[in-house]
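Hi,

Here is the structure I promised to send over. Have a look at it first, and then read on for what I found in it.

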Amino acid sequence: MIVRFGHPGDAAHWCAAEGAAGRTLGFVPTMGALHEGHVALVRRALAENDRACVSVFVNPLQFDDPADFAAYPRDFEADVVRLDAAGCSMVFTGTPEAFFPERPAPVDPGPCAEGLEGEHRNGHFAGVATVVARLFDLVQPTRAYFGQKDFQQALVVRDLARRRGGPQIVVHPTVREPSGLALSSRNARLDAEGRQRALGLHRALRAARAAWLAGERRARSLQRVLCGALEREALSIDYAEVRDPERWSARAPEGELDRAVALVAARVGAVRLIDNLVLSAPEGEAG
Ligand code: AMP
């Protein structure tokens, strides 16, 4: 049976007791409305640690748009049922005041916060870094698990953990529907037509990967393929860009690339979706 807490302070006590008993703790921070992508992270955390625990907190600090924050799906009871079925050891949630009893000093999200999501969502990564630092303080995990689905976020969190001296960050590949659509809590806000249109993100990423596999290495050409494919889709594009996945740069790299990741953000109606694919990864590891 899963242990659940409605206050982060109680969760912190539980985590401290587990740590004192010598047990390793795998931690999966989430914003809830859980799906199989989140569950994959929990299963991995369970496989690699004695205990797996999950936080469910829609963090107001990382939303630059109050309407987006208000519309974000929330269903804590369904989340607990799903986590219990997956074998998760503990889940906790709480109010913003319980997570942040005092107004938090913003945590520097570091250089990987520059560009793309950082540029399009004002203050987003400072909000992410601030809440992740707080969650790490509460849970003191051995390892923390993040999805490749949020590629730039994983870079920001890795950098944050490096600066703090831990925990170990594990990045898990993106879980997709058979259609290729990346699982996302926001998909719950799409109707049948919206889901079809959302598939355009993955189609465009596949087109860029096909170009890479055919031998294209020029950053600008890969970008053109990606944008060209997206323009054929009925989507409102925030960005569609190529980066070196191991040397983050705010601006698009020039010349030929040894490694590449394509990243897209687009809106289907009012729903903003992001996705990415590592063009240079072996099949099955592209995300
Ligand atoms: P969220 O609740 O959207 O903040 O996501 C919590 C964690 O789950 C983040 O580390 C996400 O990157 C990860 N995640 C979300 N969707 C997926 C997915 N489709 N596959 C793998 N990980 C995911």
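With residues up to four places away in sequence left out, M90 touches I2, V3, F5, A11, W14, C15, A52, C53 and V54.

A word on what you are looking at. The model is predicted, so local features need pLDDT of at least 70 and side-chain atom pairs count only at pLDDT 80 or more, while totals for chains, interfaces and linings use all residues. Residues are numbered from 1 along each chain as its sequence is written, and side-chain values use heavy atoms, with hydrogens and water left out.

**The cores**

M90 is one of the residues that touch the most other members of the largest nonpolar core, which has 70 residues; the others are C53, F92, V132, F136, V139 and L226. By nonpolar core I mean a set of buried Ala, Val, Leu, Ile, Met, Phe, Trp, Tyr and Cys residues joined through side-chain atoms within 4.5 Å. Buried stands for under 20% relative accessible area, exposed for over 50%, and partly exposed for anything in between (1.4 Å probe, protein chains only). A second, separate core has 18 residues, including V54, V80, L83 and Y145. As background, nonpolar side chains tend to be buried together in soluble globular proteins.

**The sheet**

Helices (H or I, at least four residues) and strands (E, at least two) are DSSP runs, numbered from the N terminus. Six of the strands make an open sheet with parallel pairing, in the order β1-β4-β3-β2-β5-β6. At its edges are β1 (3–5) and β6 (168–172), each of which pairs on one side only. Two strands count as paired if DSSP finds at least two bridges between them. From one strand to the next, the twist averages 20°; axes here are lines fitted to C-alpha atoms, for helices over the stretch in contact, and angles run from 0 to 180 degrees between N-to-C directions.

Inside the sheet, β2 and β3 run parallel and are joined by six bridges, with F27 and C53 as bridge partners. Five of the six residues of β3 are buried. Strand β5 (residues 143–147) runs parallel to β6 and is joined to β6 by five bridges; F146 stands opposite V171 there. Helix α2 (residues 36–48) lies across β2 (25–30), β3 (51–56), β5 and β6, at about 155° to β5.

**Helix α7 and the residue after it**

Helix α7 (residues 124–139) has 16 residues and spans 22 Å from its first C-alpha to its last, close to the expected 22 Å. That expected span is 1.5 Å times one less than the number of residues. Because 13 of its 16 residues are buried, α7 is largely enclosed by the rest of the structure.

Q140 follows α7 and sits in the loop between α7 and β5. Although Q140 is not a glycine, its phi is positive, about 50°. Is Q140 buried or exposed? At 58% relative accessibility, Q140 is exposed.

A33 is buried, with a relative accessible area of 18%. Elsewhere, a cis peptide bond joins G166 and P167, with omega about 0°; P167 is in the loop between α8 and β6. For context, most residues other than glycine have a negative phi, and most peptide bonds are trans.

**Salt bridges**

There are 28 salt bridges in the structure, each a side-chain nitrogen of Lys or Arg within 4 Å of a carboxyl oxygen of Asp or Glu.

- E18 and R51 meet at 3.0 Å, N to O. E18 is in helix α1 (residues 8–20) and R51 in strand β3, 33 residues apart. E18 is buried at 10% relative accessible area, while R51 is partly exposed at 26%.
- D159 and R163 have their closest N and O atoms 3.4 Å apart. They are four residues apart in helix α8 (residues 151–164), so about one helical turn separates them.
- R267 and D238 meet at 3.3 Å, N to O. R267 lies in strand β8 (residues 261–268) and D238 in strand β7 (residues 236–243), so the pair ties together parts 29 residues apart in sequence. Both belong to a network of salt bridges with shared partners, along with D68, E117, R121, R186, R189 and R272.

Happy browsing!

Technical notes
Contact = heavy atoms within 4.5 Å.
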